[in-house]
Amino acid sequence: MIDGPPALPPRARVPLWTLGAFGFVVALVLGIRYAGTSHLAGLDALVLPVVDRVEGPLWYVATAIDFAGEPIGAVVVIALFGWLCLRHRRPRIAILMVAASGVTVALTTGLKPLVGRLIHGEFLSYPSGHTAFAVTVATVVALLVIDVRGLGPAGGAWVLVGLVAFAGLAMGWAEVALGAHYPTDTFGGFGVAAAVVPVVGWAVDRLTRPAA
């Protein structure tokens, strides 16, 4: 079995599970709302024309952010933050980083054909796997910060929400700006990731705890 602190720090569990429940509802509601569609409606119709198709320096920024969610970029990101977890002697959080990222990518990939939402008439778009990956990594990094710094429930909640919001908004903006997703696809990606991390973290703690 693995020694060291749990993947889900006790002081972070309430905000994490709360965020997870909220994310589940968001992903489910949006998935049902936009299943089988391929047109702009509601929030998408308001946001997409403002953000879609950036040019110049912003295009390079969006492309750089998007690269972090591509296979090579994702491996680099996971390796970097996994090493950071091990450096701080948090092996369970390192396992959570790898496992949650894998589950999130698999789930978003599997949900796309089930929801059947199309963008540009032929590409499955809901939920955004890139955004889900970014939110997954940000959530796990937040758990590492909370545990290493010994933050209390209030401080931990702020760190969790702040990192998740930053990562989700950055990757979500990049995906919409590059024309890969509708804005609500990115919200769905956030929801999937927020729901996955606490469940996978719970499983990691259960499977790696010392035998009684």
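Arg 117 and Asp 185 join their side chains in a salt bridge, with N and O 3.0 Å apart. The term salt bridge stands for a side-chain nitrogen of Lys or Arg within 4 Å of a carboxyl oxygen of Asp or Glu. Arg 117 sits in the loop between helix 5 and strand 1, while Asp 185 belongs to helix 8 (residues 183-208), so this pair ties together parts that are 68 residues apart in sequence. Helices (H or I, at least four residues) and strands (E, at least two) are DSSP runs, numbered from the N terminus.

Buried means under 20% relative accessible area, exposed means over 50%, and partly exposed lies in between (1.4 Å probe, protein chains only).

A word on where these values come from. This is a predicted model, in which local features need pLDDT of at least 70 and side-chain atom pairs count only at pLDDT 80 or more, whereas totals for chains, interfaces and linings use all residues. Residues are numbered from 1 along each chain as its sequence is written, and side-chain values use heavy atoms, with hydrogens and water left out.

## More salt bridges

Side chains of opposite charge can pair when their charged atoms come close. How many salt bridges does a search of the whole structure find? The search finds four, and the table shows some of them.

| Pair | Closest N to O |
|---|---|
| Arg 90 and Asp 147 | 2.6 Å |

Arg 11, Arg 90 and Asp 147 are linked in a network of salt bridges. Arg 11 lies in the segment before helix 1 and Asp 147 in helix 6, so the pair connects parts that are 136 residues apart in sequence. Now take the bridge between Asp 147 and Arg 90. Arg 90 is in the loop between helix 4 and helix 5, so its pairing with Asp 147 in helix 6 ties together parts that are 57 residues apart in sequence. Asp 147 is buried at 12% relative accessible area, and Arg 90 is buried at 15%, whereas Arg 11 is partly exposed at 32%.

## Thr 37 and its partners

Let us return to Arg 117, whose side chain makes a polar contact with the side chain of Thr 37 (3.5 Å). A polar contact is a pair of N or O atoms within 3.5 Å; within protein, one must be able to donate a hydrogen and the other to accept it, and residues adjacent in sequence count only if both atoms are side-chain atoms. Thr 37 is in the loop between helix 1 and helix 2 (43-51) and is buried, with a relative accessible area of 11%. A polar atom of the Thr 37 side chain also lies 2.7 Å from the backbone oxygen of Tyr 34. Which residues does Thr 37 contact, leaving aside neighbours within four places in sequence? They are Gly 116, Arg 117 and Leu 118, where contact means heavy atoms within 4.5 Å.

Arg 89, in the loop between helix 4 (71-87) and helix 5 (91-115), has a phi near 60°, a positive value in a residue other than glycine. Arg 89 counts as exposed, at 69% relative accessibility. His 120 also has a positive phi, about 60°, although it is not a glycine. His 120 is placed in the loop between strand 1 (118-119) and strand 2 and is partly exposed at 46%. The peptide bond from Tyr 126 to Pro 127 is cis, with omega near -5°, and Pro 127 is found in the loop between strand 2 (123-124) and helix 6.

## The whole protein

Stepping back, the protein has eight helices and two strands. From the N terminus on, the elements run α-α-α-α-α-β-β-α-α-α. Of the 212 residues, 47% count as buried. Among contacts with a separation of 6 or more, 81% come from residues 24 or more positions apart. The C-alpha atoms fill a box of roughly 55 × 35 × 30 Å, taken along the principal axes.
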